[in-house]
Amino acid sequence: EWDGFVPVRDLPQVYNPARGYVATANHNILPQGYPHRLSFEFSAPFRFLRIDEVLRAGKKFTIEDFQRLQHDETSLPARTLVKMLAGDGAAARLLKSWNFVLSKDSPAAALFELWVRELPSRYATAEVKPEGRDLVARHLALPTLIRMLEAAPAATRARILSESLEAAVARGRKLLGDDMRTWRWGRLHTITFRHPLSDTAERVRLFDLGPVERGGDGNTPNATGGTDFRQQTGASYRHVLDLADWDRSVFTSVPGQSGQPGSPHYADLLPLWAEGRYAPLPFTRAAVEKHTRHRLLLAPE
């Protein structure tokens with residue numbers, strides 16, 4: 001599973017699955033030996049495995065439950081890596097007392113994200129010949145790194161984890177200050193919505209929105225991945241549909257319903273989106289009329 005492949009025998013049947021749900025999250029769903037290539041790139045399975053973990057509870061889920069699941073920031077890689085960590089220094093204690101949720105206000109989440117960025121180069125230094133270290137450090141995928149750490153001798157693994165954590169603390173102090181207890185993942189992890197014409201004129205940059213602090217990362221159901229701590233991928237739009245009563249459906253989108261700067265609806269959905277809150281998604285005519293706030297009529301001369 002750490003290789004990004006989830007065996008087909010562990011997946012529910014697609015037609016009326018007895019488990020009651022089908023879940024995917026951009027991971028590899030192809031069984032070994034399947035002759036048709038649907039894609040050549042897949043996400044790591046962590047997001048799917050967390051979604052599956054929640055849904056396997058078997059409870060009767062509400063619309064609010066699915067809202068929370070779409071914004072779940074529990075990190076399965078963090079669970080695995082922290083369990084391997086030895087020592088009882090301040091950084092190790094912070095991680096070991098953590099709930100593994102990458103919330104934007106979490107000091108431990110900030111430390112973990114700094115740590116996981118140091119691990120590939122430290123592993124390459126310890127285990128790879130000099131001529132191949134840079135290449136491995138740049139391209140070592142997290143599932144593979146975790147598997148190789150688990151297979152490494154205990155002393156080697158402990159040294160890699162300890163040295164990378166020390167490097168993460170040093171970098172964190174430069175970025176966030178000396179006191180780890182005051183660190184926040186959201187101070188590092190942000191998103192900015194740039195207008196397509198921002199680079200053409202200074203005044204157009206007034207149409208940019210953000211930066212907005214974000215939780216999660218590329219391996220949590222609330223996918224907020226990117227480089228240099230910036231969110232560059234993830235869902236700008238989400239919905240939860242109630243097939244028993246379509247008018248109870250909800251959605252979230254960003255930044256607003258209007259693309260026209262100056263409109264009151266240009267950025268009015270951004271605060272909701274940033275906090276994982278939803279708005280009504282009405283279906284019937286009566287419900288649409290009830291929730292209508294603005295009409296725009298475009299008519300030819």
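**Charged pairs and their surroundings**

Modeller: D228 is exposed, at 58% relative accessible area. This is a predicted model: local features need pLDDT of at least 70, side-chain atom pairs count only at pLDDT 80 or more, and totals for chains, interfaces and linings use all residues. Residues are numbered from 1 along each chain as its sequence is written, and side-chain values use heavy atoms, leaving out hydrogens and water.

Biologist: Why is D228 called exposed?

Modeller: Buried means under 20% relative accessible area, exposed over 50%, partly exposed in between (1.4 Å probe, protein chains only). D228 has 58%, so it is exposed.

Biologist: What makes R230 and D228 a salt bridge?

Modeller: The term needs a side-chain nitrogen of Lys or Arg within 4 Å of a carboxyl oxygen of Asp or Glu. For R230 and D228 the N to O value is 4.0 Å, and they meet in a salt bridge. R230 is partly exposed, at 40%.

Biologist: Which residues do shared partners join into one network?

Modeller: R50, E53, D72 and R79. The whole structure has 17 salt bridges.

Biologist: Why is E113 called buried?

Modeller: Its relative accessibility is 3%, so E113 counts as buried. Its salt-bridge partner R117, with closest N and O atoms 2.7 Å apart, is partly exposed at 32%.

Biologist: How do you know that K59 and D65 form a salt bridge?

Modeller: Their closest N and O atoms are 3.3 Å apart, within the 4 Å limit. K59 is partly exposed at 45%, whereas D65 is buried at 13%.
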